[in-house]
Amino acid sequence: MLEQIWLIVVLVVVIALVGVGLFVGFLRGRGGRSGGRSQLPTPSRPDTTGYAGGPGDDAGPRPVGVGTDVLERPVDESVATLPELAEPEVPAYERPESARGRLARLRARLARSNTAIGKGLLALLSRGGLDEAAWEDVEDTLLSADLGVEATTELVAALRTKVLIEGTTDEATVRGWLRAELLKLVDPSMDRRVASTRVDNRPAVILVVGVNGTGKTTTVGKLARVLVAEDRDVLLGAADTFRAAAADQLQTWGERVGVPTVRSDREGADPAAVAFDAVKAANELEADVVLIDTAGRLHNKTNLMDELGKVKRVIEKQSPIDEVLLVLDATTGQNGLEQARVFSDVVDVTGIVLTKLDGTAKGGIVVAVQRKLGVPVKLVGLGEGPDDLAPFDPAAFVDAILD
């Protein structure tokens with residue numbers, strides 16, 4: 001009887017222990033699921049560079065990096081894509097065409113401006129029976145082309161001698177005589193190179209002068225393009241501080257080909273100071289050449305000419321001036337010669353730039369101005385385009401006249 005009682009007690013204890021164990025296990029299971037709900041589930045995502053696994057992989061962020069340089073990249077599911085970074089803008093500078101051969105390319109324009117010398121003169125000389133009245137017509141034609149009295153007299157005398165000796169009026173023969181005599185007057189022996197390379201470990205300095213309306217600032221901009229086309233490192237100096245927007249105009253020319261401009265932000269600033277700063281900056285930047293634009297001074301205004309002389313003296317305190325280019329409007333004729341004389345007295349002109357040689361200009365001005373100053377025409381403007389400034393070629397010029 002006692003044994004049965006103990007057996008019942010043992011069974012009750014075992015059942016109780018099993019029940020307690022089941023109950024505890026049940027509570028632990030609920031607690032684990034409750035803890036899981038306290039964490040945000042990792043959503044499935046497509047395979048992304050820098051992450052291991054594919055869709056449905058909930059293992060969390062994976063290491064990103066190369067070699068041992070490994071970083072944990074946090075996942076921001078609120079950002080679908082990263083914004084693309086814009087490439088920095090690189091200025092698109094123009095690349096000017098080479099200046100070589102420009103005069104030949106623009107020959108047709110030049111020919112249109114010189115029919116008085118060309119077709120008119122050839123017609124007179126080829127018609128035969130050249131009496132005194134005919135030779136007077138030849139002289140009038142040359143004078144109307146702005147050749148000048150002295151050069152006209154020489155040319156007519158040479159042609160009369162040829163006709164007298166050869167006794168022919170064949171157009172091809174006369175054309176050959178005329179070409180030879182005109183080329184002699186234009187003088188191909190003159191040095192027409194423009195200073196544009198460093199001298200004694202300093203930049204070449206070019207001072208550009210001229211009266212209002214000749215296209216001086218535009219010429220400086222076009223000359224910068226010519227030099228850039230020749231792989232020169234150029235700097236511009238905007239010393240025309242009196243004309244409104246002159247510095248802006250010059251800076252725009254420079255920006256188109258990547259050339260810096262030294263200027264004053266104040267209208268009416270001292271032009272000599274701007275010129276001085278430009279030469280100093282060109283030295284510091286180790287440029288090949290610096291072009292100094294000056295105010296369009298009226299040649300009959302003494303005080304303005306004196307100021308131009310001051311600009312020259314101030315520049316020369318730190319550097320010699322290698323070139324003084326005088327810009328003349330080819331359509332002004334004999335008035336341009338007087339301008340040339342006055343400017344030459346003040347700043348020692350070394351070369352002439354003739355603008356507006358297309359259109360109504362008369363080609364004889366080339367000969368006249370060279371004789372007046374004893375310096376060569378180095379550049380000619382043949383149109384409105386940015387690359388319509390050409391180095392002067394005597395042979396191409398004479399051929400264009402006779403076309």
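What follows covers strand order, helix packing and a single side chain.

This is a predicted model, in which local features need pLDDT of at least 70 and side-chain atom pairs count only at pLDDT 80 or more, while totals for chains, interfaces and linings use all residues. Residues are numbered from 1 along each chain as its sequence is written, and side-chain values use heavy atoms, with hydrogens and water left out.

**The sheet.** Helices (H or I, at least four residues) and strands (E, at least two) are DSSP runs, numbered from the N terminus. Two strands pair if DSSP finds at least two bridges between them. Eight strands make an open, mixed sheet in the order β5-β4-β6-β3-β7-β8-β9-β10. Its edges are β5 (261-262) and β10 (389-391), each pairing on one side only.

| Strand pair | Sense | Bridges | A bridge pair |
|---|---|---|---|
| β4 and β6 | parallel | six | Leu 235 with Val 290 |
| β8 and β9 | parallel | three | Leu 354 with Val 380 |
| β9 and β10 | antiparallel | three | Val 380 with Ala 390 |

Contact means heavy atoms within 4.5 Å. Axes are lines fitted to C-alpha atoms, for helices over the stretch in contact, and angles run from 0 to 180 degrees between N-to-C directions. Helix α9 (residues 246-256) lies across β4, β5 and β6, at about 170° to β4. Helix α13 (residues 364-373) touches β7, β8 and β9 and makes about 155° with β8.

**The α10 and α11 pair.** The axes of α10 (residues 271-284) and α11 come within 9 Å and cross at roughly 30°. The two helices are therefore roughly parallel (angles under 35 degrees). On the α10 side, the contact is made by Pro 271, Ala 272, Ala 275, Phe 276 and Val 279. Helix α11 supplies Glu 307, Lys 310, Val 311, Val 314 and Ile 315.

**Ile 315.** This residue lies in α11 (residues 302-315). Is Ile 315 buried or exposed? Ile 315 counts as buried because its relative accessibility is 0%. Its contacts, not counting residues up to four places away in sequence, are Val 205, Leu 207, Ala 275, Val 279, Ile 292 and Ile 321. Ala 278 is 37 residues from Ile 315 in sequence and 9.2 Å away in space, C-alpha to C-alpha.

Definitions and conventions
Buried means under 20% relative accessible area, exposed over 50%, partly exposed in between (1.4 Å probe, protein chains only). Angles under 35 degrees count as roughly parallel, over 145 as roughly antiparallel, 65 to 115 as roughly perpendicular and the rest as oblique.
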